[in-house]
Amino acid sequence: MADRPEPIVLTARPAPPRVPAVEITPDEIALLVDRFYGEIRQHPRLGPLFEDRLAGKWEPHLERMNLFWRSVLLYSGEYSGQPVVKHNALPDLQEDDFRLWLELFESTTAKLFEADIAAPIVVIARRIARSLWLARFGTPFNKAPDWLG
């Protein structure tokens, strides 16, 4: 019987605790989500686009968005879903809709929070919008628009 080599033992140190991206409470996130989607519903382009998918299902959507934004901003780990799949399933989604979404999100955030709170939230929202835009409209020959910065 041949001698077997000693097994390789891997050890890992625990990940450092994650610090929230911004000092914000779950209640403030809920306010942002509620106000933002209130603005969305009033928007001449985005309102009908969302209403086509969410008619009669707004409450579950808002609950999911609260989970999403708490997960993103507080690293709560509450959200599990497939945002790219959901957005890519929207047949009428146009490239410029992401710009409109960002404008509304930025203005809502600016109305609700001081600049030191709003700025990191907007940076994260831009990163998310860019990722979703690239997943839907990006090609090797089509770079993201400047407004996705």
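F113 is buried, with a relative accessible area of 10%; buried means under 20%, exposed over 50% and partly exposed in between, using a 1.4 Å probe and protein chains only. F113 sits in the loop between α5 and α6. The model is predicted: local features need pLDDT of at least 70, side-chain atom pairs count only at pLDDT 80 or more, and totals for chains, interfaces and linings use all residues. Residues are numbered from 1 along each chain as its sequence is written, and side-chain values use heavy atoms, with hydrogens and water left out.

**Confidence**

- The protein averages a pLDDT of 92, where pLDDT is the predictor's confidence in each residue, from 0 to 100.
- A score of at least 70 is reached by 99% of the residues.
- Among the elements, helix α1 (residues 26-42) has the highest mean pLDDT, at 98.
- The lowest mean, 88, belongs to α4.
- Where pLDDT is low, the predicted coordinates should not be read in detail.
- Helices here are DSSP runs (H or I, at least four residues), as are strands (E, at least two), numbered from the N terminus.

- Leaving aside neighbours within four places in sequence, F113 is in contact with I24, E28, L32, A118 and I121.
- Contact means heavy atoms within 4.5 Å.
- F113 and N88 are 25 residues apart in sequence, and their C-alpha atoms are 31 Å apart in space.

**Helix α3**

- Twelve of the 17 residues of α3 are buried, so the helix is largely enclosed by the rest of the structure.
- The buried set is W58, H61, L62, M65, N66, F68, W69, R70, S71, V72, L73 and L74.
- Their cover includes α1, α2 (46-54), α4, α5 (95-112) and α6 (115-137).
- At 1.5 Å a residue, the 17 residues of α3 should span 24 Å, and the end C-alpha atoms agree with this at 23 Å apart.
- That expected span is 1.5 Å times one less than the number of residues in the helix.
- H61 lies in α3 and counts as buried, at 10% relative accessibility.

**Y75, after α3**

- Y75 follows α3 and lies in the loop between α3 (58-74) and α4 (83-88).
- Its phi is near 55 degrees, a positive value in a residue other than glycine.
- Y75 is partly exposed, with a relative accessible area of 33%.
- Setting aside residues up to four places away in sequence, Y75 touches R18, V19, P20, A21 and R70.
- From Y75 to P120 the separation is 45 residues in sequence and 14 Å in space, C-alpha to C-alpha.

**Packing of α1 on α2**

- The axes of α1 and α2 come within 5 Å and cross at roughly 105 degrees.
- Axes are lines fitted to C-alpha atoms, for helices over the stretch in contact, and angles run from 0 to 180 degrees between N-to-C directions.
- On the α1 side the contact is made by Y37, I40 and R41, and on the α2 side by L46, G47, F50 and E51.
- By class, the residues of this contact are four nonpolar, one polar and two charged.
- Nonpolar covers Ala, Val, Leu, Ile, Met, Phe, Trp, Tyr, Cys and Pro; charged covers Asp, Glu, Lys and Arg; the others, Gly among them, are polar.

**Helix α5: S107 and T108**

- Both S107 and T108 are found in helix α5.
- S107 is partly exposed, at 29% relative accessibility, whereas T108 is buried, at 4%.
- T108 touches L32, R35, F36 and E39, not counting residues up to four places away in sequence.
- S107 and K57 are 50 residues apart in sequence and 25 Å apart in space, C-alpha to C-alpha.

**D27 in helix α1**

- D27 is placed in α1 and counts as exposed, at 65% relative accessibility.
- D27 and R70 are 43 residues apart in sequence, with their C-alpha atoms 9.8 Å apart in space.
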